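Keep the sequence and the 3D view open side by side while you read.

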Amino acid sequence: MSTAEEISANTSFPLPFRVVLLTGLGILGWAANLHGLYASNIDAVSALDLRVESFLPKSPYPLPAHRWTLHGRRLWMPPYTNIYYLCASYFLWFFLTWSLYSLGIRGSPLFADAFKYIAAVSLITIIGVTICPFDALFKRERDQFLRVLKRCLFPSSSNPIYFSDIVFADILTSFAKILGDFCLSCYMLLPGNSILGQPHVSGWKRWLLPTIMSLPYLVRLRQCLIEYRLPSNESRRPLFNALKYATSFPVIYFSAAHRAVLLELAKVKGDEVFRNPWHGEHLLFRLWFLTAIINSFYSFWWDVTHDWGLHLLKPQDRDSCNPPPRSEVPSPRDSSGFPLLSRHNSEDTVEGSENDDSRSQEYHKPRYHSLRPTLLYPAYVYPLLVVINFVLRMTWSIKLSSHLHLQTDGGHAIFYVEIAEIVRRWLWVFIRVEWEMIKRNQEASKAKDEYQLDVPSPSFR
C-alpha cells in the first residue's frame, strides 16, 4: 500500500473507529457463544455463573437463568437476547458517529483533525454508558461485565478463580492489541496530535504501549499462580499454564525494542527502512522471531491438549482409543440440582416436583471418539477447529508485534489480523466451555462412586 493509499485509508476509517468496531465484534461474538452453547444444550449460564438476580422471586435454591418461571409463565429471555440488543445498540451508535465523521471530512485528510472530536465523543459515550450507575441501558449485563473485570484485575489470593473469570481473562488476551490501540487512540485525540498518524514518542514513553498490551497476559498469569498456590491444588498444571502466558512478554518487548531500532535506522537511511521491517540480520529480530515461534506453538499445543482436552498432540496409550464403558451418572449440577449438560425444557417451573425426575434424566448424551472419550459436538468440528486455530495462532504474535506495522500505524492489514483473532477466540470458547462441562461431569461421577463405596450396605438380621 502506497503512502497516499495509507493516508486515504486512515482518513476514511481512523484508528479510534477501528477500535470501536472491533470491540463491538467482541460483544457480538460473546452473544453468539452463549447462543451456540444454549442451542447445543450446554448450560453456559450456570457454568459461567451468568445468573438473573434483580427481578426474580426470592428462593433458597438459585436456579439457572433459563429455568426461571413462575406459575407456568416465563420470567426470562434466553441469556444471549439482551446481549444481542446491547450489541445492536452499540453498532447503531458506531455507525451514527462514523457516518457523521465521514460526512464532515468529505474524504479529505485536511478536515480529519477538525472532526476528530466526533471520534472522541463516540469513545467517551461508550465508556460513560459502561460505568453508568443508573438502572437503564442493559444495566444487568453491564454490571456483570464490571464485576468480572474487577475480579480479574483484583483477584483474591486466597479464593479459587471462577471459571467465568478464566474465560473472560483469556478473551481479554485476544484484545491485547485492541487495548493498546485504544490507549493510542486516546493519545491521538488529544489537542495537538493528529488522528491520521501515531505521534512520535521517545525515551520511556516508547515502552508504555507494549506495557499496556501486556496487561491482559499479566492478569491471566496471576490467575494461574493463584490457582497453583491454593491449598486444594495438587497439580503443576497451573504453573505450566502460567509459563504459557509468560512467554508472551518477550514477544511484546523484543518487538518494541526492534521498533526503536528501526526508528533510529530511519534517521540515517530514511523512510525506506519501514518498507521492509523483516531485518533478519539484527539480533533483536532473531530474538523476537524465536520467542514468537515458541509462544505460538506452545499456546497452540496448550489450546488443543489442555483447554480442549483433545488427544491429538499427546502420547497415546493403547487403551486411550478405546471408549470407556457408558455411565448413566447424571451430568454435573448446579446448587439447584439441575444438570449443567441438559436438554432445555420450556415447560420447567420452579414450583412442584412432579417433573424433577424427568428433568434429572434429560442430559446431553455424549458421543465417544478417539479425539477424546466424550464429544458433545459432531466429530468433524474438532479437526476443523484445530486447523483454524493453528493457522490463526501463527498470526497471533504478529498482532502483538508493533515493529511489523510501523508504516500504517496499526494498519488495515493488522486490523484484519485482529478480526481473525476475535474469530479464533470465538471458536475457542465453544470447545473450552464444553470441555469444562465434561470435566465437571467426570468429577461428579467420581464423587458419586466414592460416596457409594464409603456408605456401608444395610445389614439385615
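1. Let's start with a word you'll need all the way through: a residue is called buried when its relative accessible area is under 20%, exposed when that area is over 50%, and partly exposed in between (1.4 Å probe, protein chains only). Take Val391: with a relative accessibility of 47%, Val391 is partly exposed. You'll find Val391 in helix α14.

2. Some ground rules before going on. This is a predicted model, so local features need pLDDT of at least 70 and side-chain atom pairs count only at pLDDT 80 or more, while totals for chains, interfaces and linings use all residues. Residues are numbered from 1 along each chain as its sequence is written, and side-chain values use heavy atoms, with hydrogens and water left out.

3. Now the overall picture. The chain has 16 helices and 4 strands; both are DSSP runs numbered from the N terminus, with helices being H or I of at least four residues and strands being E of at least two. Of the 461 residues in the chain, 48% are buried. Contact here means heavy atoms within 4.5 Å, and among contacts between residues at least 6 apart in sequence, 73% join residues at least 24 apart. The chain exposes about 23,700 Å², with carbon and sulfur atoms supplying 64% of that; areas come from the Shrake-Rupley method with a 1.4 Å probe, and for residues only the protein chains shown count as cover.

4. In the model, residues 15-32 are 100% helix and 0% strand, with the end C-alpha atoms 26 Å apart. Residues 83-105 are also 100% helix and 0% strand, and there the end C-alpha atoms are 33 Å apart.

5. On to the inside. A nonpolar core is a set of buried Ala, Val, Leu, Ile, Met, Phe, Trp, Tyr and Cys residues joined through side-chain atoms within 4.5 Å. The largest one has 61 residues, and Tyr377 and Tyr382 have the most contacts inside it. Helix α16 (residues 412-454) gives the largest share of this core, 11 residues. A second, separate core has 8 residues, including Ala176, Cys224, Tyr245 and Phe249.

6. Which residues does Tyr382 touch, not counting those up to four places away in sequence? They are Leu310, Leu371, Arg372, Leu375, Leu376, Tyr377, Ile431 and Glu434. Keep Arg372 and Glu434 in mind for the next point.

7. Time for charges. A salt bridge is a side-chain nitrogen of Lys or Arg within 4 Å of a carboxyl oxygen of Asp or Glu, and the whole structure has 14 of them. In the one between Glu434 and Arg372, the closest N and O atoms are 2.6 Å apart. Glu434 is in helix α16 and Arg372 in strand β4 (residues 372-375), so this pair ties together parts 62 residues apart in sequence. Glu434 is buried, at 0% relative accessible area, and Arg372 is buried too, at 1%.

8. Another pair to click on is Arg393 with Asp303, where the closest N and O atoms are 2.8 Å apart.

9. Is Asp181 buried or exposed? Asp181 is buried, with a relative accessible area of 5%. It sits in helix α8 (residues 176-188) and touches Leu15, Val19 and Glu418, leaving out residues up to four places away in sequence.

10. Finally, back to Val391 and its surroundings. Together with Phe289, Ile293, Phe297, Val387 and Phe390, Val391 makes a nonpolar surface patch of about 520 Å². Patches are made of residues with over 30% relative accessible area and no salt bridge, with like charges joined within 9 Å and nonpolar side chains (Val, Leu, Ile, Met, Phe, Trp, Tyr) within 5 Å. Helices α12 (283-307) and α14 (381-394) are the elements that give this patch two or more residues.
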